[in-house]
Structures are given as C-alpha cells and as structure tokens.
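Work through the following exercises with the model open. Each task is followed by a stepwise solution.

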Amino acid sequence: MPQPDPFRTLLAGQLRQAFDDDRDADTFLLRLDRYGPELKASLQATYGDAAPALMDRLLELMLHAYHARPADLKRLDEARLLSPDWLQEPGMLGYVAYTDRFAGTLKGVREHLDYLQNLGVTYLHLMPLLQPRPGENDGGYAVADYRAVRSDLGSMDDLSALAADLRARGVSLVLDLVLNHVAQEHEWARQARAGDPTYREYFHVFPDRTVPDAFERTLPEVFPDFAPGNFTWNEEAGGWVWTTFNTYQWDLNWSNPSVLAEFVDIILHLANRGVEVFRLDAIAFMWKRLGTDCQNQPEVHHITQALRACARIVAPAVAFKAEAIVAPADLIHYLGTGEHHGRVSDMAYHNSLMVQLWSSLASRDTRLFAGALRAFPPKPTSTTWGLYVRCHDDIGWAISDADASRAGLDGAAHRHFLSDFYSGEHPGTFARGLVFQFNPQTGDRRISGTAASLAGLEDALESGDPRHVEAAVRRLLLLHAVTLGFGGLPLLYMGDELALLNDHSFADIPEHAADNRWVHRPRMDWERAADAQANPGTPHGRVNAGLRHLIGVRQGLPHLHASIESHAVPSPDPCVLLLRRDHPQGVMLAAYNFSEHTIDFPAWALRDHLGDHARDHIAATAFNLGGGTVTLEPYRALWLTQS
C-alpha cells in the first residue's frame, strides 16, 4: 500500500479550512491532485528555486477565484469534465467578429444572437475588446487594462451579461488574451517608467544598445514598414525597451514569476466573467534567449502548461487556443509533445491549411497542398485545429522551401507568384488583394483582402460576366467545404457568409489608413444579410445558402469529430485533393477539384478507399464506383462515405 504524503495531508487540512462546504473542498482538492503535479513541474522547469514561493502565491489566487466562481459556471465546469471533447464535436462552428463592426456594442451583439444561432454558431470570438491604449493600438492588441472593456463597446457587466446569454444558447464566448506585451499606457508600464523597481522587472529595459544590438543580430522584424527593429528608446524610463511589434507595445519579462502570477489572476477573473476560450495572442514570442529568434522557446510550453493547470483547477470549462503562426515543426508543440503531450493549448490555428487553400486556388495544383499536409506531425488526439478560410490578419505565404521542393517548385518563385496573383498583378488573375508589409530585403509580400475579393467576386461583379460570378461563388464554397470537412473547429470570419467585398473606405479613416488590413475588416451589412435570405439567387445569397447547407451536413457527420485527423492520399489528377479520415464508423474520403475545369476523375482512386459504392453527403447522391470515371464539375467538393 502506498504511504500517504505527509505534506499532502497537511496541505489538504489547511485548504479545507478555507471552505465552508466540504463538497467544494473535495472538488478543489481532487483537481489539485490531478493538475498540481503538472503545475509544479512547469514552475520548477521555468523558475527553479523561485517555484515553491510562486506555487504558494498561485494557490492563494486559485482559492480566491474558486470561491468567487458563479454557481452556473461551476455547473458548466462539471458538464465539460464529463464531455472533455466538446471542442472536437462536428456540431461546433466558430464565428469571428469585431464587436463594433458586427453590432456596435456588446448590447448590440445580444440583439443579433438569433442570427448567429440560426447560422449554427456555437463559438463566438469577439476580437480584441479589452481596454486598449487611445489612438493607434494595433487593432486592439495594445491592451491598457485587462479588467476593463473598451468604453465605447460597453462594460464588464455587459460582457458578463452577453456571456450568460450565449451560454444559455450553447455558445461559448472567446476572447483574446495578449501574452507577449502590454500597451505602454498599462499601469505596469506607467509604474516602471515612474521608477518602481518591482514593475521595471516586468519588462526588458536596457540602459544602452549593448544587449539590444546583441539580440538584434538574430531577431526578425514583424512590421518592417512602420515598426523597424525590436527596441525603442523611452526617455522617461531612461532605457531601451523591448518592443517586438510596435513602439507602444512593451514586451513582458516572463522570466519574472510575478508576471505569470498576474496572468493567472487575469485569466481566472475573466473566466469568472464567463469567458470560455482564451485566444493566447503572440504566444510564440514570450520567452527571450540570446542567439535565437526569440520564438518557440521551450519555456513557452512550460508556462502555457502552468496557466492551463491553474485554469483546470478553478475553471475546467475553460480552453486555450494558441495563436502561433509558426512552422509546422514548431506549431505542434503548442498542442503538446513529449512531457507536454495534450497538456498545453487545447486548440491551435492551422495556418498552413489556409495558406495552401489559396495557393492551390491560384495554381490549380494540389500537389504542394498534399505534400505539406503529409509533412505535418500528428497532433494529440485530445486537441483540435482551428480552421479558417480568412481571418482578421494578412496572409503571409508560409510555404517552406522543403515543401515546395517536394512538389517540384522553387519556394521563393512560388511565393513571388502568389503575391503577384493575389495583389492583382499576375496576368489573368481573378483576385483583388493589396500588398501588406513589403520587405525589400527578403522580397516577402503579404496580402490583405476579403475572401470574396481574393476569390474573384469583386472582379466578376465589376466585369458583369455571369460566368465569372459563377466561378467566384464556386471557389468560395469550395474553400469553405475544405475547412468544414477537414475535421477541426471551422472559424467563419464575419461577413464571409455574405461574401462581403473589400472595404476600400478604410483609407479615409486616419487611424486605419496606414494599415491596409482594414480593407478586409468591413462593417457587417445587415441589409445584405436580410437580402441573402430573401433572394438566394444573388451571388451573396448563393454563398450564404451553400454555406448553411455545408454546415448542416457537417453537423450530422460523426466522421468529422476532430480527434481523427485528415490525411492526404495520392490523387491521379493534380487539380484534385483527396483527404481520407479513418473513423470508427467507417472511412470518409473528401475530394476537391481546385480548377475551373470539369474533370473525369478515375473511379479507382475513390474505390480503393471506399469500395464499389459510396454516398456524397453534400449533394445527397449515391456513386457506383465500379465504372471508369466520376465527373467532377469545376470547384466541386465531395464528402464521401461507404454506402
């Protein structure tokens, strides 16, 4: 028989004194038993001798947050513990929007919940809404106060009320949590500039250029056009401050245990307000190490595991999503590998999938797409991918030279082609995008633009050619079919369900004019939304109806549970991508024609996976695969299972 741990017995006795209810004490202690070892191991690996004192501090924060947690959220905690795969269910659908651009205020969002629910949304990500610095604020990612809502959007009470309304409808509220930096107007930064030694240690401040210059030798530039370099001189602080993104965003010093304690407190506070998923922004940049690019350092994963363990002890209904736009070999660590397997973020963005969608659409060739997917490391089965056609950000052509070489391409030349194609410079292109952050040293050009404008709808409507409009609608639905049929959590960016076009009026707004990413951040067009329902034959009506149909089909397909991965399998036609899913209820094979041509596709390529008979769930049609070919119309998508 194992001997009881005297320290554990003493700790349990002390903790029980903090509870009025034995059941609450039991719950907290059981969770501490489960996640405490992970928390301690991560603290020890990151902070060494400072770990025990930090653990004591975190226990106090967790006890306070657990006592303050509302009863209905504690009930949600228990429900989520019984359904740990809730983020992986095929019925999950995300919607991503800026509060002001979607509905003006948080109260305004509450007035449009029927719209979201009718679309099938179960996960609502409201883009940065915590109080930012005044004026230019990187789209809200320069946070001045994590405990206040932007005043023009509402209050913290409004946020809690919205979260409660969403929860009653089975919709999870998702918020951004910026981890790498705060606005220079944040209280911590103000105290640091005032000379408080405690808060000065919250940041990286150097008296001269010696250390910054040493770091700069290996650091890339995130915004070379309008924020070159990674350090900014601050006269009031009397030093060079680390500012990876913009001069007004001060990088935090995560090697200071107090910074971790502050964020545990912030996470638990917001969780008790009803936030269910935290998008961990700029997570890759948190840890600094001389001689590296200061991204994807091992300590980042220890810190995330510690944050997750604290959340699991107090609020296990909460999930983490890593905003790590990094190479696949680095990305997989944010979902957990080795000692962190399944213990860090519950979800991560599959940025590579998005990039490959647009690459294949331009080239009409899926071999690079298939090869890139095959090179992806397998994820933990308990985690899921966040899948998207477009997001609020630009598109960077994250295509490695190795992936390109395997597909017989020159990586630099292909990236150059994609930039030309989507900026409208390539002969015969259908796309209407804008170049964002041209880097003359590397030749990199990122692209801004809405999904509809990049897929050709803006150009087609101006030409007035119905054939071009038809092709653009088909392209959009193909892209959404891939993300909805890949087997993760699909994320619809606001307006994509209505095929909203580029908003060129951004240039007339002084605080937006220098950042052309605002071209794909239009205001929600509620008249267009009503018209899409009333007139389903319009281009936006067809996109809306087609997308709603795909969502409905997805909800009824158990094969799309995110614990299963999609694998690219050989395709005899380079225009056609084949993705196989091996689910306990049978094989699912998705086929996607990325060209404007009708293809007579060899039936054997499908029969080898499905047998002689299959059913396409999108069109609700049966296929006899015993014949010679299957006709794939332009931009056709098939979701096939054995029949």
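A residue is called buried when its relative accessible area is under 20%, exposed when over 50%, and partly exposed in between. The model used here is predicted.

**Exercise 1.** Classify Glu38 and Arg34 as buried, exposed or partly exposed, and describe how they pair.

Solution. 
1. Glu38 has a relative accessible area of 5%, so this residue is buried.
2. Arg34 has a relative accessible area of 46% and is therefore partly exposed.
3. The two residues form a salt bridge, with their closest N and O atoms 2.7 Å apart.
4. Because they are four residues apart in helix 2, about one helical turn separates them.

**Exercise 2.** Which parts of the chain does the salt bridge between Arg517 and Asp138 tie together?

Solution. 
1. The N to O distance in this salt bridge is 3.6 Å.
2. Arg517 lies in the loop between helix 22 and helix 23, and Asp138 in the loop between strand 3 and strand 4, so the pair connects parts 379 residues apart in sequence.
3. Arg517 is buried at 5% relative accessibility, and Asp138 is buried at 15%.

Terms used. Residues are numbered from 1 along each chain as its sequence is written. This is a predicted model: local features need pLDDT of at least 70, side-chain atom pairs count only at pLDDT 80 or more; totals for chains, interfaces and linings use all residues. Side-chain values use heavy atoms; hydrogens and water are left out. A salt bridge is a side-chain nitrogen of Lys or Arg within 4 Å of a carboxyl oxygen of Asp or Glu. Helices (H or I, at least four residues) and strands (E, at least two) are DSSP runs, numbered from the N terminus. Buried means under 20% relative accessible area, exposed over 50%, partly exposed in between (1.4 Å probe, protein chains only).
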